[in-house]
Amino acid sequence: MTSTDAIANTFEIFLVAPPGLEPFLAEEARAAGFATPAASPGGVTTHGGWDEVWRANLTLRGATRVLVRLGSFRAFHLAQLDKRSRKFPWADFLRADTPVRVEAVCKRSKIYHHKAAAQRVEKAIAEELGATISKDAALVLKVRIDDNLVTISLDTSGESLHKRGYKTATGKAPMRENLAALFLKAAGYDGQEPVLDPMCGSGTFLIEAAEMSVGLLPGRARHFAFENLASFDNDAFAGMKTAAGVDVTAQSPRFFGSDRNAGAIKNSIQNAEAAGIATLTQFTEGSISDLQRPDSPPGLVIVNPPYGGRIGNKKLLFALYGSLGKVLVERFKGWRVGIITSDGGLAKATGLPYLQPGPPVDHGGTKVKLYQTAKLS
């Protein structure tokens, strides 16, 4: 993309995704009407104007963040980088009263010192636009110099998009919301069926599933970095957020969580209330052996049990997985099961009839896979 493209307000938009789950984010973006989303390592590429940038941040559950490629130019040395950075139309995107910081990466280029490259771009912005440069700035410009091509992108999200803006209570090794949403999609959840998590922790899977079922927007309760850009239209964005006002008070529970830890149940209830979907959920303290099939049609059991990395002794976990599999087979006929674990041996200990496991996905520094079944018979 050139600077001319950027001025025309049509951008290449890159939706950052957890590696391994890019196709499911592409599927979500396609269903949401984004233009020709294409999965690639680390994310999904689409195109659109500022309204699509706002909409991606506000509505896509699986994205980690939304980057906009503002433009590019060639530079073979730092003096050239300085000169061409000063000619870049910063005022089209940035505001002089909003601090910014620059992160640079250099690969296969004559400019090989990333810190020096970042400093040149920062100086150009400070002197040509008058904006403050701050290492603590929420607004981040990303400069990639690859084969002497300088590509300038803007992180329009700010904080990672898994931070929905309402979740206050978490336990050990929590599942990130965007990761949970993509695992739900990978498990075939379509927003219609009941969902049960027998080790619900802080309730992430169930809250995400409940919000998906009633069309609540994941970004409805938070701030985004793009709100501090020169292009931001507060009235237009407010119009996009009107879909966030969904009435769920008359609906009965169809998202069921249990956990043997009383604190986890308390956290789940608190988070569901903060998200505004408490009436859709039901949380119960109890062990796996206490687990009962809810009074609902068959649906999806999805669970992220301990797997001996950060939580639990792996040798003691085989019995836990075995008990889980036994209970599910005996009490959940007609339900599908999805188990996220880093250990194929633990997954096998359930005795469940798995389909081909999904790709490895990074979860807090541990590679995990989704093991899922067809409907249990």
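Biologist: Is Thr-281 buried or exposed?

Modeller: This is a predicted model, in which local features need pLDDT of at least 70, side-chain atom pairs count only at pLDDT 80 or more, and totals for chains, interfaces and linings use all residues. Residues are numbered from 1 along each chain as its sequence is written, and side-chain values use heavy atoms, with hydrogens and water left out. Buried means under 20% relative accessible area, exposed over 50%, and partly exposed in between, with a 1.4 Å probe and protein chains only. Thr-281 has 9% relative accessibility, so Thr-281 is buried.

Biologist: Where does Asp-147 lie, and what is its phi?

Modeller: Most residues other than glycine have a negative phi. Asp-147 is found in the loop between strand 6 (139–146) and strand 7 (149–155), and is partly exposed at 45% relative accessible area. Although Asp-147 is not a glycine, its phi is positive, at about 55 degrees.

Biologist: What is the phi of Asn-148?

Modeller: Asn-148 also sits in the loop between strand 6 and strand 7. With a relative accessibility of 9%, Asn-148 counts as buried. It is not a glycine, yet its phi is positive, at about 70 degrees.

Biologist: Which strands form the edges of the open sheet?

Modeller: Seven strands make up this sheet, in the order 10-9-8-11-12-14-13 with mixed pairing; two strands pair if DSSP finds at least two bridges between them. Each edge strand pairs on one side only, and these are strand 10 and strand 13 (361–363).

Biologist: Which residue of strand 14 stands opposite Val-361?

Modeller: Strand 13 and strand 14 (residues 366–372) run antiparallel and are joined by three bridges. The residue opposite Val-361 is Val-368.

Biologist: At what angle does helix 7 run to strand 9?

Modeller: Helix 7 (residues 204–214) lies across several strands, among them strand 8 (195–197) and strand 9 (255–259). Axes are lines fitted to C-alpha atoms, for helices over the stretch in contact, and angles run from 0 to 180 degrees between N-to-C directions. Helix 7 runs to strand 9 at about 175 degrees.

How values were computed. Helix = DSSP H or I, 4+ residues; strand = E, 2+ residues; numbered from the N terminus. Contact = heavy atoms within 4.5 Å.
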